[in-house]
Amino acid sequence: MGFRKKNKSPPVLSHEFVIQNHADMVSCLAMIILLGLMFEVMCDWTGAVVSRVMLAAANYLPRKMARRPTGTAYRITQLILFPSFVFQVTAKFSIMFITVQYNVTQVLDEKSDPVNHYQYGPKDVATVFFYLLIAVILHALIQEYILDKMNRRLHLSKTKHSKFNESGQLAAFYLFSFIWGCSILTAEDFATNPTFLWERYPHTHMVFQVKFFYICQIAYWLHALPELYFQKVRKEDIPRQLYYICLYVVHITGAYVLNLHRLGLVLLVPHYLVELLFHASRLFYFSDENKQKGFTLWALLFVIARLLTLTLSVLTFGFGLPRTENQGFSLAEGNFNVLTIRQFVFPVHMMTCLAAICLTQAWMMWKFINFQLKKWREHSQNQALKKKAVSPKSKPPKREPTRGGAANGVVKSEDKTSPRARKTKAS
């Protein structure tokens, strides 16, 4: 009876060990942060115990011991209050990672209820870090339980395997973000009224859904950077993925910090719809190469999305924001609408934002045109090869038949050999 050889586990803290177990490590770190919330309940319980101990000390201990601050009762109280203080600090530290910070309560009218809004600040870095960990865990779950099972059935090559994983992860993210963004646009009426994009700028206050949406977006695209190492992305694909990851991080963070979250949200939703269609079409193409109709619809919507992005950007930066009442630069108020000294009135940072958006759209159109030309060349080459395979083979020319196998008075045999001459017998 033969014994099977067990696969040796990689050394602890080696590259292979970290790649195989990165999701477990990240989940342990996230659980440590979540466990900090339990100390808030323990803090309340400890406070109740302390109050009862203080009452008991005042009633039963001698008066001298209770009055003197350096007495035994005071030391006992210190020993009980110290873990309460530690629990309270730990709970506040964990809440900073998990919940959305910088809550502002506003009262619009005397009759209406107070409304909760949010601003951004340095503590958002901790919140982004925690949801970055959550994104790594969800990435590993989708990869292990969905994409890996589909890859085993399709038997793809290494190149298609990496592209299939990339499209599967991005398609799930784009679908979730598109549905979430549409719900926010419907609730806040951002899309129905275009003037809402620049009226009363700066838009320092955000509702909970908008702020949490931006934090999750920044966390997801930041998590994509270590995933290049965890997923063993090929060196040829790393520059291409780094380009669009950095573009997402810069544009989304810029819209969040410059208080342009309304415009950013309106531009992200149609863009995510186009990208969702592209990656879904690529998934269907990998399963069956004859399914290519989705790319045609994607090409049409891609051009429309670029035109929509340029139109809204020029309308907001060129006509809307220069006419707002709040003109100037103030970090405290979150106003970045700075004017130039030129004859025409135009915001400096808005000009930079508009130039960045236009350059990004031009770069995307350039990549799109190159992609379409490459696809057209491949299609024409395949059609040419098919025509050559279908065309009939060239037949050899027929020879004119000769009478009796003679040509020009000379008798020839069929095997192109001259007949053997008979020998004459000598008489």
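Buried means under 20% relative accessible area, exposed over 50% and partly exposed in between, with a 1.4 Å probe and protein chains only. This is a predicted model in which local features need pLDDT of at least 70 and side-chain atom pairs count only at pLDDT 80 or more, while totals for chains, interfaces and linings use all residues. Residues are numbered from 1 along each chain as its sequence is written, and side-chain values use heavy atoms, with hydrogens and water left out.

**View A. Asp 237 and Arg 234 in a salt bridge.** Asp 237 counts as buried because its relative accessibility is 8%, whereas Arg 234, at 30%, counts as partly exposed. Their closest N and O atoms are 3.3 Å apart, a salt bridge being a side-chain nitrogen of Lys or Arg within 4 Å of a carboxyl oxygen of Asp or Glu. The structure holds 5 salt bridges.

**View B. The salt-bridge network of Glu 166, Arg 240 and Arg 282.** Arg 240 approaches Glu 166 with 3.0 Å between the closest N and O atoms, and this pair links helix H8 (residues 238-257) to helix H6 (residues 158-188) across 74 residues; helices are DSSP runs of H or I with at least four residues, numbered from the N terminus. Arg 282 also meets Glu 166, at 3.6 Å from N to O. Arg 282 lies in helix H9 (residues 261-287), so its pairing with Glu 166 in H6 ties together parts that are 116 residues apart in sequence. Both Arg 282 and Glu 166 are buried, while Arg 240, at 33% relative accessibility, counts as partly exposed.

Technical notes
Helix = DSSP H or I, 4+ residues; strand = E, 2+ residues; numbered from the N terminus.
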